[in-house]
Every structure is written in structure tokens, then in C-alpha cells.
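Have a look at the chain below, sequence and fold together. Then read on for a short tour of it.

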Amino acid sequence: MLFRSLTANVSAFFYDYQDAQYPSTVRDATTGLLESRFFNLEKVTSMGVELETVWAVTDAFVMRFNYSYLDTEIDDPRCFVDGADTGISGSLQADARPCTTPALGQQTAQSLDGGELPSAPNHKVAFNANYTFFTGVGNLTLGTTYTYRDEAYYSVFSRDHYLAPSYDNVDFRALWNGSDNKYTFIAFVNNAFDDTGYEAAGASMSAWGVQSRSLSLTAPRTYGLEVQFRFGN
């Protein structure tokens with residue numbers, strides 16, 4: 001009887017893309033220079049499962065849990081130059097998939113076949129819990145949200161210098177609604193434990209052959225107070 005108030009939705013999906021367009025880098029056959037261009041990948045598949053649940057334990061206590069699994073794969077036998085590759089040394093790294101024998105001082109074209117799509121983490125989790133105290137002068141709702149995002153590549157080249165690590169995050173929120181519904185106070189703390197999160201990863205190669213790597217970070221701990229007033233009847 002306790003679980004009669006539990007709602008769960010499960011969905012599975014499979015997408016088969018033909019000629020999916022993504023940016024890549026090639027070496028011009030005439031000038032020998034690297035150029036950024038868009039290419040239509042011959043085939044890309046994306047499949048996964050999504051779970052969404054809402055459990056109203058009581059009228060005051062509500063929990064939500066969401067989970068998603070995503071698996072992507074590039075199916076294209078062609079080879080492309082990774083503009084952030086460090087030449088022959090980069091093509092000898094464990095995550096490299098050179099199409100030909102690396103040549104001294106040159107960036108070797110890499111195979112994309114079997115790699116993952118950019119910005120496609122395998123696992124994502126979100127959990128939220130809210131409890132409301134009902135009083136004669138208003139309602140106080142206390143809530144917390146936990147999220148987890150798996151590591152993900154941010155390039156069609158599934159290589160370590162494009163990999164953003166996994167991370168998790170916890171937010172807290174308190175909401176007070178007056179009994180006349182004319183005002184609301186909201187206090188919040190986002191990223192309460194000041195954890196480091198990653199929104200993207202990138203890499204580039206300088207004219208001197210030095211590789212640089214960049215990570216786009218989520219916001220640090222932030223907190224604040226919001227006040228809402230409603231006018232009229």
C-alpha cells in the first residue's frame with residue numbers, strides 16, 4: 001500500500017544516423033596545413049534507457065529519482081587528423097588509433113571507427129527529496145538534489161585529452177510560502193560541498209608543437225536568497 005503512490009516511467013531508444021555532421025581536422029594535400037572542416041560521418045548509432053520515478057511517500061514527503069544510460073558509436077572507416085595530436089609520440093599513446101605507421105615529426109591520421117559521440121556520458125543520475133511542513137501561517141519546504149554525470153569525450157576523437165572526468169553535485173533549497181500565497185522566500189545553496197565539475201574538455205596544438213588542454217568547469221559553491229511578491233487578488 002505504501003508504494004501505490006510510486007510512479008515509474010521507463011523508455012528505451014535506438015537511433016541510427018546516416019551522414020551525421022561533425023567538425024574534424026584534415027591536412028590539406030596541397031599546402032600540408034591543417035584545416036578545420038565539417039564532415040558527414042557515414043553512420044552513427046545512439047541507444048539507451050531512461051528511468052523516471054516519483055514517489056509521494058506522504059502528502060508532505062516526495063522523492064524523485066532519474067537515471068539514464070547512453071551508448072553511442074561511430075561507424076566510419078575513414079581516417080582524420082587530430083589537430084591536438086603531439087605527432088609521432090601522440091600516435092604511440094595507448095588511446096591513439098593511427099591508421100598508418102606514425103612518421104617522425106608528423107601528425108598521423110586517426111581512426112574514428114568504434115569511437116563515441118562528443119558530449120555523451122554513459123551514465124547520469126539525479127535524485128531529489130522534498131519535505132513540506134504545513135503550518136497555519138504558511139508552508140516550509142526543505143529540499144535537496146543530488147546529481148551525477150559520468151565522464152565524457154568532447155570530440156569525435158575518443159582520446160584522453162578530450163575527456164572530461166565524472167563528477168557529482170549536491171544542492172540544498174528552503175522555500176517558505178505565506179498562507180495568503182502573496183509572498184515566497186527561497187534560500188538556496190548550489191554545489192554545497194564546492195566540488196569540481198566539468199562541462200567540457202578541449203585540446204589544441206601550438207605552432208611550437210606544444211599541446212595545451214582546457215577544461216570548462218561548473219560553478220563553484222553559490223548561495224543566495226530570493227523573495228517573490230504577488231500583487232492583486
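Predicted model: local features only at pLDDT ≥ 70, side-chain atom pairs only at ≥ 80, totals over all residues.

Residues are numbered from 1 along each chain as its sequence is written, and side-chain values use heavy atoms, with hydrogens and water left out.

**Overall build**

As for the elements, helices (H or I, at least four residues) and strands (E, at least two) are DSSP runs, numbered from the N terminus.

How much of the chain is buried? Of the 233 residues, 32% count as buried. Here buried means under 20% relative accessible area, exposed means over 50%, and partly exposed is in between, with a 1.4 Å probe and protein chains only.

On the surface, Asp-19, Glu-42, Glu-73, Asp-75 and Asp-113 gather in a patch of negative charge. Asp-19 has its place in strand S1, residues 6-27. The place of a charge is NZ of Lys, CZ of Arg, CG of Asp or CD of Glu.

There is a nonpolar patch on the surface too, formed by Phe-185, Leu-225, Val-227, Phe-229 and Phe-231, with about 590 Å² of accessible area together. Strand S14 (residues 222-229) gives the most to this nonpolar patch, with three residues. Val-227 sits in S14 and, at 39% relative accessibility, counts as partly exposed. Patches take residues with over 30% relative accessible area and no salt bridge, joining like charges within 9 Å and nonpolar side chains (Val, Leu, Ile, Met, Phe, Trp, Tyr) within 5 Å. The accessible areas come from the Shrake-Rupley method with a 1.4 Å probe, and for residues only the protein chains shown count as cover.

**Salt bridges**

Side chains of opposite charge can pair when their charged atoms come close. A salt bridge here is a side-chain nitrogen of Lys or Arg within 4 Å of a carboxyl oxygen of Asp or Glu. The structure holds five of these salt bridges, including the ones in this table:

| Pair | N to O distance |
|---|---|
| Arg-78 and Asp-76 | 2.9 Å |
| Asp-82 and Arg-159 | 3.3 Å |
| Arg-159 and Asp-95 | 3.7 Å |

Asp-82 bonds with Arg-159 in a salt bridge, and the pair links distant parts of the chain, 77 residues apart: Asp-82 is in the loop between strand S4 (79-80) and helix H1 (88-91), and Arg-159 is in the loop between strand S8 (152-153) and strand S9 (163-164). Asp-82 is buried at 0% relative accessibility, and Arg-159 is buried at 2%.

Arg-159 also forms a salt bridge with Asp-95. Asp-95 lies in the loop between H1 and strand S5 (110-111), so this pair ties together parts that are 64 residues apart in sequence. Asp-95 is buried, with a relative accessible area of 16%. Salt bridges that share partners join Asp-82, Asp-85, Asp-95 and Arg-159 into one network.

**A few single residues**

Ser-119 has a phi near 55°, a positive value in a residue other than glycine. Its place is the loop between S5 and strand S6 (123-134), and Ser-119 is partly exposed at 38% relative accessibility.

For Asp-194, phi is near 55°. Asp-194 lies in the loop between strand S11 (183-190) and strand S12 (198-205).

Lastly, Arg-173 is in strand S10, residues 167-178. Arg-173 and Phe-188 are 15 residues apart in sequence and 4.4 Å apart in space, C-alpha to C-alpha.

Note on methods:
Lys, Arg positive; Asp, Glu negative; His and termini not counted.
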